[in-house]
Amino acid sequence: MTARRLAYRNSILWTAALVHRLSGLALAVFLPLHFLALGLAIRGEAQLESFLRWSDQPLVKLAESGLVFLLVVHMLGGLRLLLIENLDWRDGQKELAAAAAGISAVVALILLVRMS
Amino acid sequence: MNVRLYVWQRATAALMLPLVLLHVAVIFYATRRGMTAADILARTRGSIVWAALYGTFVVAAAIHAAIGVHNVLTEWSPLGERRASMFAMAFGATLLLLGLRAVAAVVL
Amino acid sequence: MSDARSELTVSLWRGAQQGRYQTYRVPLRENQTVLDVVTFVQRHLDPTLSYRFACRVGVCGSCAMTVNGRPRWTCRTHVSSVAKADRLEIGPLENLPVIKDLATDMRPFFDKWHQAKGAFVPSKTRHDAIDAIRPDSPARIAADAAIECINCGICYAACDTVRWNSDYLGPAALNRAWTLVNDARDAGNAQRLAAVAASGGCHACHSHQSCQELCPQALNPTASIAGLKRRTAVAYLKGEIKA
């Protein structure tokens with residue numbers, strides 16, 4: 001009996017939980033690198049400046065937009081959980097999950113456009 | 001995951017809600033202006049507010065991410081509870097150290 | 001030669017934890033439940049097939065199996081609503097040891113019921129006055145919303161957290177604990193909150209809501225578990241639980 005036989009996973013809420021977990025893991029991997037980059041400023045602004053200029057390339061900008069998506073979707077998904085766990089039950093969880101993904105995508109896209 | 005880890009993880013999550021919003025706003029501001037390192041550091045150096053906000057963000061993120069990583073490891077990896085806890089604590093300590101160093105780098 | 005449209009191709013799990021799907025061809029009828037199909041195979045095609053049922057009318061929960069990837073009551077699942085291109089795949093419930101073919105060992109499910117302190121603890125004797133429990137009190141409304149669980153195991157079979165975390169007590173056990181937490185007559189809440197606040201308790205739930213989506217009684221274990229999270233967090237912050 002294998003996972004592909006489990007049809008109930010074709011569910012937006014299961015996907016939302018997966019997105020929440022994977023975005024968290026991706027952010028956890030990214031964060032040390034982010035801290036190291038900022039830490040370049042210890043040696044004075046020149047090192048940080050050359051890093052910022054390196055990050056001006058289109059692929060890096062795309063990746064940064066992707067990271068903002070991950071951050072916002074993780075936050076909004078987590079907010080949805082905090083609401084489930086601390087307020088009275090409300091239906092419409094699938095719609096809320098979809099809205100979280102949609103808003104995150106819009107924010108990331110707007111950022112990408114601004115950076116181009 | 002037990003009630004103690006749960007309370008810490010949810011509390012740091014709630015604390016980070018406004019901090020993430022702030023951070024996204026900062027990102028939007030910085031990218032629009034096409035800021036150089038000098039521009040950024042001119043704003044952050046010597047700022048108590050900056051140090052307090054981002055220092056808090058780092059501490060909360062380190063705790064929150066460590067507990068999250070612990071949960072993923074116990075559910076998705078063959079590591080037992082003990083090894084997963086050790087790895088998660090080491091990861092959290094790393095984030096805390098690197099993060100506070102980064103805050104110091106831009107504030108001091 | 002038989003008309004292909006009048007036959008159903010059914011794959012049934014044969015074996016125990018190890019085994020394989022075996023295919024049978026069964027007459028396709030107008031009004032037919034999945035349980036009818038399994039029964040036909042056992043009576044007319046293969047008497048060695050093992051499966052469980054009791055009431056056949058959707059009140060006992062014994063006939064729960066995995067049908068085309070979803071755990072369902074087979075007596076209340078019409079073939080026409082689930083068969084794809086006249087094919088069905090039926091296996092035992094997930095997350096439980098398989099005894100034989102379509103029958104699982106429900107003992108881990110009930111052991112966790114006990115671990116979650118899902119049993120009523122009396123607070124009075126026959127010599128005491130009877131408690132007046134108002135049906136419209138908030139606690140009773142909360143308990144009543146979750147009380148109709150008949151332990152069929154579908155939520156437990158559907159839960160990924162059960163699959164990933166062998167300590168996790170599961171939606172049914174926690175849902176039952178929630179009904180007792182809201183029962184004004186119960187005297188066991190100190191132990192019960194401690195039991196569901198431990199590792200593998202309510203805090204392991206990720207709110208996937210597979211339990212709520214698939215419960216044939218339209219119960220919402222996710223909501224019950226959220227209630228337990230609130231109660232245990234408050235108790236912990238007050239120092240009533242050590243963790």
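## Where chains B and C touch

Two residues are in contact if their C-beta atoms, placed from the backbone, lie within 7 Å. By that rule, 9 residues of chain B are in contact with 15 residues of chain C. On the chain C side, α10(C) gives the most, with 5 residues. Sorted by class, that side has 9 nonpolar, 5 polar and 1 charged residues. Here Ala, Val, Leu, Ile, Met, Phe, Trp, Tyr, Cys and Pro count as nonpolar, Asp, Glu, Lys and Arg as charged, and the others, Gly among them, as polar.

## About the model

This is a predicted model, in which local features need pLDDT of at least 70, side-chain atom pairs count only at pLDDT 80 or more, and totals for chains, interfaces and linings use all residues. Residues are numbered from 1 along each chain as its sequence is written, while chains are lettered from A and ligands numbered from 1 in the order in which they are written.

## Chain B

Chain B has 4 helices and 0 strands (DSSP runs numbered from the N terminus: helices are H or I, at least four residues; strands are E, at least two). Its radius of gyration, taken over C-alpha atoms, is 16 Å, well over the 13 Å that the globule rule gives for 108 residues, so chain B is more spread out than a compact globule. That rule is 2.2 Å times the number of residues to the power 0.38.

## A helix in chain C

Helix α8 of chain C covers residues 189-197, and its buried residues include C:Arg192 and C:Leu193. A residue is buried if 20 or more other C-beta atoms lie within 10 Å of its own, exposed if 12 or fewer, and partly exposed in between. What covers the buried residues of α8(C) includes α1 of chain B and α10 of chain C.
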